[in-house]
Amino acid sequence: MTLADVLLLAFGLLALGAGLAVVTTKRIVRAGLWLAVAFAGIAGAALVLTAEFLAWVLVLVYVGAIVVLLLFATMLTRAPTDPSDDLDRPKLPGALIAGGVGLGLAAVVIGAFGWTRSGLDDRASGGAAVMGEAIFADWVLPFEVLSLLLLAALVGAIVVSTRSDSPGLTELSSNNHVTKVY
């Protein structure tokens, strides 16, 4: 077992453990922070696999943007961040379903590909030139749709956070008179 194998296993376990912490924690802010740790573990695994560009894109886009957007959206909408007893449900049925689906998918992948090793050619490395060519040739539309979706989510969070019951906001009543909302 080489050092790369050990590091890949360590980053994989870090990502898996942080992913489990995301879905088992009772506080949404902590879940967002654990999500950042899970993405960092995935980026570390990409570094071990010599996909440096992909690793830094993961850090910048996922850790630096999506997790921050999640945390800001939680704070802007004034969502409750404390655990709530009325939202707790039994976890065993969901865990059994998720475990069964995961084992089923693993069985399908192993049945389709077995334990064969695939060789990588030099062209398929994780360098910036190859990744940039793939992104701007084949994946332009999905990235643009994702950017519009994130923009809509941010605008929606701002609209929701500026409630009409705030002092000083005005609104137009049905008879076209401007009234003060208190």
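**Figure 1. Overview of the protein chain and its secondary structure elements.**
The protein chain of this predicted model holds six helices and two strands. Read from the N terminus, the order of elements is α-α-α-α-α-α-β-β. The chain has 182 residues, and 14% of them are buried. Its accessible surface is about 13,700 Å², with 72% belonging to carbon and sulfur atoms. Among contacts with a separation of 6 or more, 55% are between residues 24 or more positions apart.

**Figure 2. A nonpolar patch on the surface that includes M1.**
The patch is formed by M1, L3, V6, L7, L9, L13, L16, L20 and V23. Together these residues have about 970 Å² of accessible area. M1 lies in the segment before α1. Its relative accessible area is 80%, and M1 is therefore exposed, the cut-off being over 50%. Nonpolar side chains in soluble globular proteins tend to be buried together. The residues of this patch, in contrast, are on the surface.

**Figure 3. G19 in helix α1 and its distance to L35.**
G19 is part of helix α1, which covers residues 3-24. With a relative accessibility of 27%, G19 is partly exposed, because this value falls between the 20% and 50% cut-offs. L35 is 16 residues away from G19 in sequence. The C-alpha atoms of G19 and L35 are 6.6 Å apart.

**Figure 4. The largest nonpolar core, with five residues.**
A43, A46, A51, A55 and L58 make up this core. Two or more core residues come from each of α2 (28-48) and α3 (52-76). Where does A55 make contacts, once neighbours within four places in sequence are left aside? A55 is then in contact with A43, A46 and L47.

**Figure 5. The aromatic pair of F39 and Y62.**
The structure has one aromatic pair. The ring centres of F39 and Y62 lie 4.9 Å apart, and the pair counts as tilted because the planes are at 35°. F39 sits in helix α2 and Y62 in helix α3, so the pair links parts of the chain that are distant, 23 residues apart. Are the two residues buried or partly exposed? F39 is buried, with a relative accessible area of 17%, whereas Y62, at 33%, is partly exposed. The cut-off that separates them is 20%: under this value a residue is buried.

Conventions. Residues are numbered from 1 along each chain as its sequence is written. This is a predicted model: local features need pLDDT of at least 70, side-chain atom pairs count only at pLDDT 80 or more; totals for chains, interfaces and linings use all residues. Side-chain values use heavy atoms; hydrogens and water are left out. Helices (H or I, at least four residues) and strands (E, at least two) are DSSP runs, numbered from the N terminus. Buried means under 20% relative accessible area, exposed over 50%, partly exposed in between (1.4 Å probe, protein chains only). Patches are made of residues with over 30% relative accessible area and no salt bridge: like charges are joined within 9 Å, nonpolar side chains (Val, Leu, Ile, Met, Phe, Trp, Tyr) within 5 Å. Accessible areas come from the Shrake-Rupley method with a 1.4 Å probe; for residues, only the protein chains shown count as cover. A salt bridge is a side-chain nitrogen of Lys or Arg within 4 Å of a carboxyl oxygen of Asp or Glu. A nonpolar core is a set of buried Ala, Val, Leu, Ile, Met, Phe, Trp, Tyr and Cys residues joined through side-chain atoms within 4.5 Å. Contact means heavy atoms within 4.5 Å. Rings of Phe, Tyr and Trp (its six-membered ring) pair if their centres lie within 6.5 Å; planes under 30 degrees apart count as stacked, over 60 as edge-to-face and the rest as tilted.
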